[in-house]
Amino acid sequence: MVYPANTSKDRRNGIMLEIRPNCECCDKDLPADSTEAMVCTYECTFCVICVEDILSNVCPNCGGGFMLRPVRPKTARREGLSILHQPPSTNRIHTPYSIEELKAFGETHKLIKPENR
């Protein structure tokens, strides 16, 4: 198997999600085991309510769509792979845009499928 230059064959040392701790819009806590966290391809992190009600499934930073963020395992089912070994980020991120700007951006692009944006 060929691996890109910026990744590692060893998953424990490879690039992984930061697991950001909050919604960038409403600042809701989104702990590592949250099933309400959504991310875009750049890991912009928002809660499902903001994605649906404000952003119209359009990332205000890149214009892409969102998917549910995976949950990092609490227990290492494989050696060295768990939240204890790769803790989530504690760096809270906040959008620089107002709610009105977020809604307007989403409305402008929501009819274009994410794969076509």
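Exposed, for a residue, means over 50% relative accessible area; buried means under 20%, and partly exposed is in between. Keep those cut-offs in mind. K74 has 54% relative accessibility, so K74 counts as exposed.

This is a predicted model. Confidence first. The protein averages a pLDDT of 90. Of the residues, 89% score at least 70. Over residues 1–10, pLDDT stays under 50. For that stretch the model has six contacts beyond four places in sequence. Where pLDDT is low, the predicted coordinates should not be read in detail.

On to charge pairs. Side chains of opposite charge can pair when their charged atoms come close. How many salt bridges does a search of the whole structure find? It finds seven. I'll take some of them.

Back to K74. The K74 side chain meets that of D33 in a salt bridge, 3.2 Å from N to O. Where do the partners sit? K74 lies in the loop between strand 3 (67–68) and helix 2 (99–109). D33 is in the segment before strand 1 (37–39). So the pair ties together parts that are 41 residues apart in sequence. D33 has a relative accessible area of 39%, so D33 is partly exposed.

Next, R20. Its salt bridge with E18 is 3.2 Å, N to O. R20 also forms a salt bridge with E24, where the closest N and O atoms are 3.6 Å apart. Buried or exposed, R20 and E24? Both are buried. R20 comes in at 13% relative accessibility. E18, at 35%, counts as partly exposed. Through shared partners, salt bridges join E18, R20 and E24 into one network.

Key. Residues numbered from 1 in each chain as written. Predicted model: local features only at pLDDT ≥ 70, side-chain atom pairs only at ≥ 80, totals over all residues. Heavy atoms only, no water. pLDDT = per-residue confidence, 0-100. Contact = heavy atoms within 4.5 Å. Salt bridge = Lys/Arg side-chain N within 4 Å of Asp/Glu carboxyl O. Buried < 20%, exposed > 50% of the residue type's maximum accessible area, 1.4 Å probe, protein only. Helix = DSSP H or I, 4+ residues; strand = E, 2+ residues; numbered from the N terminus.
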